[in-house]
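Please read them beside the coordinates.

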Amino acid sequence: MEYRQFGRTDLKVSAIGFGCWEIGGTYGRIDEGEFRRAVARVIDVGVTCFDTAEAYGMGVSEEALAPALEGRRDDVVIATKFGVGYEEMPNRRDSSRARILASIDKSLRRLRTDHVEVYLVHWPDPNTPLDETVAALDDIVRQGKASYVGVSNFRLPQIAEAMRLRRIDVVQYAWNMFDRRMQAEIFPYCRAEQIGVMAYGSLAYGMLSGTFHAGMSFDESDWRSKSGNLGSLNLFRTLFGPEHFQRNLAAVEELRPLAAKYGKTLPQFALRWTLSNPVVGTALVGFRAPSEVSENLGALGWEISGPDMEEVDTILARNGAVTVPPGWLED
């Protein structure tokens, strides 16, 4: 296992982190027993970072993770998030003080722990003053309910404003071959300020798994069945939208020989690409079953050459893949 310093915190995290969005129920059916065995297996091989959120099934993911971590809590770093998914609120967002204080206690109960290592604002809430949100996060740290705090999907001016109020320890953003929006401003800022970075969507939500094909259909409960539409978010339309999907599949097929050059599978190669950015502390990936553990760990212990990193860019460009989707992460 590779371990990386998490910004200026005292945490060292595994370069590969266990992303728990899938267990929240929006990726189709998942066998809970297999999930628990996968958790046990990844801890055995040195994965320490687990990322979940209140919004992943509105508590389902956190509740599923708790029994899987039974007896192993001291071996791991738990990051969870709040601030989105509330149907009664405008745009489903709420980062008010009252919501934060209620949500942290609910998350701790679901996770069966008295603290989390990292507590993040999942999405910015334009209806709550940022100073109110940051002050509440600081109180949670003072109360010992979280060791560090962070933000996810914030624009650069929003991070900078938060930093003027209180240090932001960790951030979380999409980062993969098909979405490089963060390389322009966000990642350079995080590097300069020594903020820990969690990368999500490392395999482009399955596009880089190598298992997709033309004409495939996703389970009805799988958000990807909606052609990349997920509420107001535009992270996924240039991946799964009808005008992009076939071009992306063609690019993925051309990437396979490049991965084989290293004796690696396509997912291993794609995950290594994500980890090649030195600002990334941990790259999140889903583990549905123990059989996926060895596969994902194959991304560790080697490097992609500079010329081959350039060849990745050439392949995606040749197929018309969009690597810097227009706009921000939401409409």
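1. Which residue in E8 is the bridge partner of Ser152? The partner is Gln172, and it belongs to a pairing in which strand E7 (residues 146–152) and strand E8 (residues 170–174) run in the parallel sense over three bridges. Strands, like helices, are DSSP runs numbered from the N terminus (strands E, at least two residues; helices H or I, at least four), and two strands pair if DSSP finds at least two bridges between them.

2. This is a predicted model, in which local features need pLDDT of at least 70 and side-chain atom pairs count only at pLDDT 80 or more, while totals for chains, interfaces and linings use all residues. Residues are numbered from 1 along each chain as its sequence is written, and side-chain values use heavy atoms, with hydrogens and water left out.

3. Eight strands, in the order E3-E4-E5-E6-E7-E8-E9-E10, close into a barrel with parallel pairing. Neighbouring strands of this sheet are turned against each other by 30° on average, direction ignored.

4. Helix H3 (residues 97–111) lies across strand E5 (77–82) and strand E6 (116–121), and runs at about 140° to E6; axes are lines fitted to C-alpha atoms, for helices over the stretch in contact (heavy atoms within 4.5 Å), with angles from 0 to 180 degrees between N-to-C directions.

5. A search of the whole structure finds zero disulfides, a disulfide being a pair of cysteine sulfur atoms within 2.5 Å. Cys49 is in none, the nearest cysteine sulfur, that of Cys20, being 9.5 Å away. The sulfur of Cys190 is too far for a bond, because the closest cysteine sulfur, in Cys49, is 15 Å from it.

6. Cys49 counts as buried because its relative accessibility is 0%, and Cys190 counts as buried at 1%; buried means under 20% relative accessible area (1.4 Å probe, protein chains only).

Conventions
Buried means under 20% relative accessible area, exposed over 50%, partly exposed in between (1.4 Å probe, protein chains only).
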